[in-house]
Amino acid sequence: MVEDISMINYSFIIPHKNSPQLLNRCVNSIPRRDDVEIIVVDDNSDPNVVDWKSFKFDDTRCLTLIQDHSGKGAGNARNVGIDNAHGRWLLFADADDYYEKDALDKLDKYKDSDLDILYFNYRFIDEEGHDLQHPVKDNVTRYCKTQDRDALDYVKYKNYTPWTKMVNANFVHKYNCRYECVPSGNDMFFSFQIAYFAKTIKVIDESIYVYILYKHSQTNRNWNKDKIFRSLIQHVRRNYFYKNVGLKRWDYNLYITIIKDILMHKNRKKSILKLWYLIRYSRQLDDSRDYYMRTIRNNEEKSKLQN
């Protein structure tokens with residue numbers, strides 16, 4: 001627990017479910033300082049996996065544990081963290097990753113800035129520690145070297161992960177930016193909102209975070225029918241968002257993309273199911289396509305009324 005909340009610069013928000021030892025590693029990677037708070041929001045973990053009454057963190061300084069029994073997922077857990085944070089800056093981590101040793105030394109250069117968002121680079125490794133490539137990493141480096149506009153758009157609008165940015169807390173609250181409470185992809189809309197509203201941003205080609213690709217991670221598991229349908233909803237909403245913010249080059253035709261996947265035998269069963277859903281529920285999908293833009297515009301109007 002932080003003793004003097006007025007001194008806090010950084011609020012690290014970590015949703016957690018059923019991985020206490022990895023969580024301990026993540027928490028241990030964050031330096032304990034008077035201007036740091038660490039908020040762990042447990043998303044209804046199985047008591048047979050983690051018993052919080054007996055579980056011991058290696059270091060409880062600066063640490064607050066919030067138990068959320070709603071079972072609404074990581075998106076809701078991050079929102080709980082936002083609502084309980086006291087820091088000037090918000091940073092989001094996954095419980096099974098960790099921060100670089102000198103992360104705060106690098107971030108301290110910007111703690112007194114008037115930025116809305118600081119985007120930064122990261123290490124992407126597999127379970128054995130081998131470095132991997134990712135287009136977000138590449139575009140961060142490309143923009144920092146060339147100031148290329150396409151690279152910046154990629155960093156802002158195709159960089160969905162929550163842990164590649166430090167966000168001004170007042171800015172987040174001003175525009176009521178929150179995560180979706182959905183089983184997967186909860187971070188995409190939050191990333192869209194902050195990128196859309198931000199007036200002052202900076203991109204640095206410095207590694208702050210270490211992301212680990214696990215063989216059985218959430219994103220690599222077989223999706224059930226409900227998740228496939230929800231992913232289609234997000235695709236439709238994302239395409240409509242891109243079209244409305246002038247990024248039509250990323251507004252691709254879902255029918256053509258799925259048919260190509262079927263013909264190329266790329267996740268064929270899953271692709272056929274996607275196509276069936278796309279045809280069967282086309283009206284519902286079309287009706288929901290403007291959800292992102294409608295929410296953004298509503299929040300924009302509310303922020304104007306507050307000024």
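This is a predicted model: local features need pLDDT of at least 70, side-chain atom pairs count only at pLDDT 80 or more; totals for chains, interfaces and linings use all residues.
A salt bridge is a side-chain nitrogen of Lys or Arg within 4 Å of a carboxyl oxygen of Asp or Glu.

Residues are numbered from 1 along each chain as its sequence is written, and side-chain values use heavy atoms, with hydrogens and water left out.

**View 1. Salt bridge between Asp290 and Arg294.** The side chains of Asp290 and Arg294 meet in a salt bridge, at 2.7 Å from N to O. Asp290 has 27% relative accessibility and so counts as partly exposed; in this scheme buried means under 20% relative accessible area, exposed over 50%, and partly exposed in between (1.4 Å probe, protein chains only). Arg294 is also partly exposed, because its relative accessible area is 40%.

View 2. The structure holds 20 salt bridges. Arg142 is partly exposed, with a relative accessible area of 37%, and Asp148 is partly exposed, with 24%. Is Asp112 buried or exposed? Its relative accessibility is 59%, so Asp112 counts as exposed.

**View 3. The open sheet of eight strands and its edge strand β5.** Helices (H or I, at least four residues) and strands (E, at least two) are DSSP runs, numbered from the N terminus. Two strands pair if DSSP finds at least two bridges between them. Strands of a sheet pair through backbone hydrogen bonds, either parallel or antiparallel. Here the order is β3-β2-β1-β4-β7-β6-β8-β5, and the pairing is mixed. The edge strands, each pairing on one side only, are β3 (63-68) and β5 (98-99). β5 and β8 (residues 201-213) run antiparallel and are joined by two bridges. Opposite Tyr98 stands Val210 in β8. Helix α1 (residues 20-28) packs on the sheet and touches β1 (10-16), β2 (36-43), β5 and β8. The direction of α1 makes about 170° with that of β1; axes are lines fitted to C-alpha atoms, for helices over the stretch in contact, and angles run from 0 to 180 degrees between N-to-C directions.

**View 4. Strand β4 within the sheet.** Which residues cover the two sides of β4? Trp89 and Leu91 lie on one side and Leu90 and Phe92 on the other, and all are buried. β1 and β4 run parallel, joined by four bridges. Leu90 in β4 is the bridge partner of Ser11. β4 and β7 (residues 165-168) run antiparallel, with three bridges. Leu91 stands opposite Met166 in β7.

**View 5. The covered helix α2.** Eight of the 11 residues of α2 are buried. Among them are Gly75, Arg78, Val80 and Ile82. The buried residues of α2 pack against β1, β2, β3, β4, α6 (169-174) and α7 (188-197); contact means heavy atoms within 4.5 Å.

**View 6. Helices α8 and α12 packed together.** Two packed helices are described by the angle between their axes and the distance between the axes. For α8 (residues 225-244) and α12 (residues 291-306), the angle is about 55° and the axes are 7 Å apart. α8 is therefore oblique to α12, as angles under 35 degrees count as roughly parallel, over 145 as roughly antiparallel, 65 to 115 as roughly perpendicular and the rest as oblique. Gln234, Arg237, Arg238, Tyr240, Phe241 and Asn244 in α8 meet Tyr291, Tyr292, Met293, Ile296 and Arg297 in α12. The residues of this contact divide into six nonpolar, two polar and three charged. Ala, Val, Leu, Ile, Met, Phe, Trp, Tyr, Cys and Pro count as nonpolar, Asp, Glu, Lys and Arg as charged, and the others, Gly among them, as polar.

**View 7. The surroundings of Thr164.** Thr164 is found in the loop between α5 (149-157) and β7. Thr164 is buried, with a relative accessible area of 0%. Not counting residues up to four places away in sequence, Thr164 touches Leu118, Tyr119, Phe120, Tyr122 and Asn159. Thr164 and Phe120 are 44 residues apart in sequence, and their C-alpha atoms are 5.6 Å apart in space.
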